[in-house]
Amino acid sequence: MGRTKIKCEFLLKASPTIVYQFLSDPACLIRWFCDHVEIEEPIYTFIWNGYGEEAELIEDIEDDLLRFAWVEAEDPAEYLEFSITTSPITDETILTITDFCDDDEVQDQKLFWESQIKKMTHVMGG
């Protein structure tokens, strides 16, 4: 089965600084993304239901971009990326998530990210 690169884009009513904080700070990550996170730079261990997945932080540009490479990924070219930009027209913050999944899981993965970002915006108060 093949793998597909997906991109999901979300408009947020929070500053790029706040969004970046919710993507990088362990105290914020556990409020919307995972049950627990342990960081031993550059490795983040995200824990869900007692099971951990390690990701190496391979790019970090404050208030702009976070890119992780999953340590146990079969394809080293795959990554999880959070890109933060600002709309020049509406001045809203745009969060673009780039992720990879199996060909038959594209819709489920997009729904997963929609659910997670909805949860994040709720805890951010936006």
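A residue is called buried here when its relative accessible area is under 20%, exposed when it is over 50%, and partly exposed in between (1.4 Å probe, protein chains only). By that definition E78 is buried, at 9% relative accessibility.

The model is predicted, so that local features need pLDDT of at least 70 and side-chain atom pairs count only at pLDDT 80 or more, while totals for chains, interfaces and linings use all residues. Residues are numbered from 1 along each chain as its sequence is written, and side-chain values use heavy atoms, with hydrogens and water left out.

Helices (H or I, at least four residues) and strands (E, at least two) are DSSP runs numbered from the N terminus, and two strands pair if DSSP finds at least two bridges between them. Strand β6 (residues 80-86) is largely enclosed by the rest of the structure, because five of its seven residues are buried. Four bridges join it, antiparallel, to strand β5 (residues 65-70), and six bridges join β6, also antiparallel, to strand β7 (residues 93-102). R67 stands opposite E81 of β6, whereas S83 has T96 in β7 as its bridge partner. In the hairpin of β6 and β7, with six residues between the strands, D91 takes a positive phi near 65°.

**Salt bridges**

With a salt bridge defined as a side-chain nitrogen of Lys or Arg within 4 Å of a carboxyl oxygen of Asp or Glu, the count comes to three.

| Pair | Closest N to O |
|---|---|
| R3 and D102 | 2.9 Å |
| R67 and E81 | 2.4 Å |

R67 is partly exposed at 22% relative accessibility, whereas E81 is buried at 9%. R3, E78 and D102 are linked in a network of salt bridges; of these residues, R3 is partly exposed at 43% and D102 is partly exposed at 23%.

**Helix α3**

Helix α3 (residues 106-124) has 19 residues. Its buried residues are Q109, W113, Q116, I117, M120, T121 and M124. They cover an arc of only 135° around the axis, which puts them on the same side of α3, the arc being that of the directions from the helix axis to the C-beta atoms. The face turned away from this buried side carries the exposed residues Q107, D108, K118 and H122. With contact meaning heavy atoms within 4.5 Å, the buried residues of α3 pack against β1 (3-12), α1 (16-24), α2 (26-32), β6 and β7. Just after α3, G125 takes a positive phi of about 85°.

Terms used
Expected span 1.5 Å × (residues − 1).
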